[in-house]
Structures are given as C-alpha cells and as structure tokens.
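Dear colleague,

I am handing over the structure we spoke about, with the sequence alongside, and I would be grateful if you could look through it before reading my notes.

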Amino acid sequence: MFRREVEIHCDNVRVAGEITVPEAAAGVVVFAHGSGSSRFSPRNQYVAGVLQTAGLATLLLDLLTEMEAQDRQKVFDVVLLARRLRAAKTWLAEQPETGQLACGYFGASTGAAAALIAAAQEPSGIRAIVSRGGRPDLANDYLPLVQAPTLLIVGERDEVVLELNKQAAQRLRCPYEIYIVPGATHLFPEPGALEKVAELSRDWFLRHFQS
C-alpha cells in the first residue's frame, strides 16, 4: 500500500488531496466532503481506512482551496464541486496506479449532491455512489440522470435530512437503496453508527465494482 499527497488542477486552482492505493486494488473511491469539512475529516478518514483494508484505493480531496472554503456561496455551489470531482476522476484515469480501476464516489452532506451531479454529467466509469448524511435534494434536477447504483445512508434521528433523502430518492432512476442507521444523528457519533456506515459503504462498493 502506498499513500501520497497530491494536487489536482481545475478552474485555474490546485486542490489538495491524499491518495492511498492498496496492492491489487479492486477499485478507487473519491471522497467529496461536506460543508465545513476537509480531507482531514476524522469521519471520512475512518471510512476510508475501512475501504483501504478491504482492498479499495481512496482519494480524499478538498474540493475547494482554503480561501474558497471561507466563501459560503462556493461551499454550497454543488455544480462547482461536481466539476472539481470530474477533474479528479480525469486525473485518476491518467495515473498508472488507478487508470484501469473501477471508480466510485463517496459524498457527505453537500458533497453527496456534488457526487450525484458529477455522476449524472459524466456517467462513464462511475460504478457506484454512497451518500452519508447527504443532501441529494441539492442535486434535484440531475437525479433522474444518475446511472450508477446509489446507496443513501441516513441517521434515524436526522429527521429533516432523512425526509429530504426519501423525497430525492423518488427522482432516481438508477438502482438505489436507503439505509437508515438506527438511533443515529447527522454526524453518526453514536456508538457503532460510523462503523455501520463504513461497513455498508465497503460492501456497496465491493459489490458494484465486481459486477
């Protein structure tokens, strides 16, 4: 397994990321973080670690520069974030370690909307999507265009987001599932909740990367 810091060029800026590739990787997952978060998010770092142990490569990416991240308008500009995700996908396709791997997106909060938009705009090569406490409703117009199998994971006690996910799911035309984590709130801090998110995500990506 190797890990290195990377920079990906898009929109005349360079965004920072960290790529980890296990030996004989079964696929690569690009993480799209939510508002106010970064590639150092302990929650996404934990999920990425579980995926890596299962033989999946990960790219944890800051979709905004440090300066851009202070602009609330950019933080919620999910179309901009989706464009950055597509640039990351193109970059992965050019790397010798990941160029031949199946690719998927893991999105949290606004990052989930960006992942769905990116997959709708450029479906080729995207085999699976996972949303953790996501806002798929922010990708509303793009949802019927998503082709990749999509897993929406929401906490049972994250009531507003759960309802938004249920409504958004009705617009999806791709294979999808909604998994409600019992007793969990938005950030899944409850004992065992984040572990469940990681297990579900791992199994979803492995299943659809191998199909």
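Predicted model: local features only at pLDDT ≥ 70, side-chain atom pairs only at ≥ 80, totals over all residues.

Salt bridges

Side chains of opposite charge can pair when their charged atoms come close. The structure holds twelve salt bridges, and three of them are described here in some detail.

In one of these pairs, Arg 83 is bridged to Asp 11, with 3.0 Å between the closest N and O atoms. This pair connects distant parts of the chain, since Arg 83 belongs to helix α3 (residues 78-94) while Asp 11 sits in the loop between β1 (2-10) and β2 (13-21), and the two are 72 residues apart. Arg 83 is partly exposed at a relative accessible area of 33%, and Asp 11 is likewise partly exposed, with a value of 31%.

Helix α3 also supplies Lys 89, whose partner Glu 122 lies in the loop between α4 (110-121) and β6 (126-132), so that this pair, too, links distant parts of the chain, 33 residues apart. The closest N and O atoms of Glu 122 and Lys 89 are 3.0 Å apart. Are the two partners buried or exposed, or something in between? Glu 122 is partly exposed, at a relative accessible area of 24%, whereas Lys 89 has a relative accessible area of 13% and counts as buried because that value falls under the 20% cut-off.

Another salt bridge brings together the side chains of Arg 202 and Asp 203, with an N to O distance of 3.0 Å. Arg 202 is partly exposed at 26% relative accessibility, and Asp 203 is also partly exposed, at 38%. Elsewhere, salt bridges that share partners join Asp 11, Glu 68, Arg 83 and Arg 84 into one network.

Strand β7 (residues 150-155) is mostly covered, six of its six residues being buried. In a regular strand the side chains alternate between the two faces of the sheet. For β7 both faces are covered, with Thr 150, Leu 152 and Val 154 buried on one side and Leu 151, Ile 153 and Gly 155 buried on the other.

Which strands does β7 pair with? Strand β6 runs parallel to β7 and is joined to it by four bridges, while strand β8 (residues 176-181), also parallel to β7, is joined to it by six bridges. Thr 150 can be followed on both sides, as Ile 129 stands opposite this residue and Tyr 176 is its bridge partner in β8. Together with helix α5 (residues 159-169), strands β7 and β8 make a right-handed β-α-β unit.

Nonpolar cores

The largest nonpolar core has 47 residues, and the members that touch the most others are Ile 8, Val 30, Leu 59, Leu 85, Leu 92, Tyr 105 and Ile 129. Helix α3 contributes the largest share of this core, nine residues. Once neighbours within four places in sequence are left aside, Leu 85 is in contact with Val 30, Ala 32, Leu 63, Tyr 105, Ala 114, Ala 115 and Ala 118. There is also a second, separate core of 26 residues, which includes Ala 102, Leu 151, Leu 200 and Phe 209.

With best regards

Key:
Residues numbered from 1 in each chain as written. Heavy atoms only, no water. Salt bridge = Lys/Arg side-chain N within 4 Å of Asp/Glu carboxyl O. Buried < 20%, exposed > 50% of the residue type's maximum accessible area, 1.4 Å probe, protein only. Pairing = 2+ DSSP bridges. Right-handed = clockwise from strand over helix to strand, strands pointing away. Core = buried A, V, L, I, M, F, W, Y, C linked by side-chain atoms within 4.5 Å. Contact = heavy atoms within 4.5 Å.
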